Every structure is written in C-alpha cells, then in structure tokens.
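Work through the exercises below with the coordinates open. Each task is followed by its solution.

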Amino acid sequence: MAAYKVPDFNERAEAARAAKQRALELLRDKPAPDPAAVAARQAAREAKEAAEAERRAAKRAAEEQAKADKKAAAEEAAAAKRALTERAPIVVPSAAELKAARDARYAARKARK
C-alpha cells in the first residue's frame with residue numbers, strides 16, 4: 001500500500017479549477033424560475049410588507065392616542081386641583097376651637113359610661 005502523497009500547489013489549483021467549473025455547469029443547467037411563481041412570491045412579500053406597515057402605523061397611532069389621553073388626564077387633574085384650592089380655602093381652626101372640640105369629645109365619652 002502506497003503512502004499518502006501530499007498534493008502540491010499545482011494539483012490543489014487544478015482541483016479548485018475543476019470544482020469551480022462543475023459548480024458553473026450546475027448553475028447553467030439549472031432551469032430559469034417560473035415567472036408566475038416569482039410574481040406570486042413578489043405579491044406575497046408586498047402584501048406582508050403592507051400589513052406590517054399598517055400594523056406599525058396602528059401601533060404608532062395607539063401610542064400617540066395614549067400620550068394624548070395621559071396629557072389630557074394630567075391637565076384635567078391639575079385643573080381640578082386648581083379649582084379645589086381656589087374654591088375652598090383651607091381653614092385652620094384656632095387653638096380655642098381645637099380645645100372646645102376636644103372637650104366635647106371628652107364629655108361625650110363620659111356621658112356614654
């Protein structure tokens with residue numbers, strides 16, 4: 001049995017050239033794509049892209065609407081707070097009024113016993 005012979009540069013170049021030639025022959029022998037199938041794939045791709053664009057537009061519109069709703073709610077809350085502070089000023093009871101209320105609660109507790 002003969003020992004393995006390492007191919008030299010010329011043998012490797014010839015093998016590469018032959019492989020390239022076989023690949024080119026296979027490519028030439030391949031039939032052209034069916035125009036109807038190509039058109040169907042193109043139409044499917046365009047429909048998919050249109051659906052995706054529509055979905056993105058709907059999502060963007062929903063986000064814009066959510067932002068607008070949030071801004072309107074914040075403005076409404078601010079207006080309600082402003083109206084509440086303008087309408088009813090905060091009344092701080094005096095020390096005498098606080099003492100009178102405390103005495104009334106104490107008297108009520110005593111009356112229940």
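**Exercise 1.** State how far apart the mean positions of the positive and negative charges of the chain are.

Solution. Place each charge at NZ of Lys, CZ of Arg, CG of Asp or CD of Glu. The chain has 27 positive and 18 negative charges, and their mean positions lie 13 Å apart.

The model is predicted: local features need pLDDT of at least 70, side-chain atom pairs count only at pLDDT 80 or more, and totals for chains, interfaces and linings use all residues. Residues are numbered from 1 along each chain as its sequence is written, and side-chain values use heavy atoms, without hydrogens and water.

**Exercise 2.** Is the chain a compact globule or more spread out?

Solution. Start with the elements: the chain holds three helices and zero strands (DSSP runs, H or I of at least four residues for helices, E of at least two for strands). Next, take the radius of gyration over C-alpha atoms; the globule rule is 2.2 Å times the number of residues to the power 0.38. The radius is 44 Å, well over the 13 Å from the rule for 113 residues, so the chain is more spread out than a compact globule. The C-alpha trace spans about 120 × 50 × 30 Å along its principal axes.

Methods. Lys and Arg count as positive and Asp and Glu as negative; His and the chain ends are not counted.
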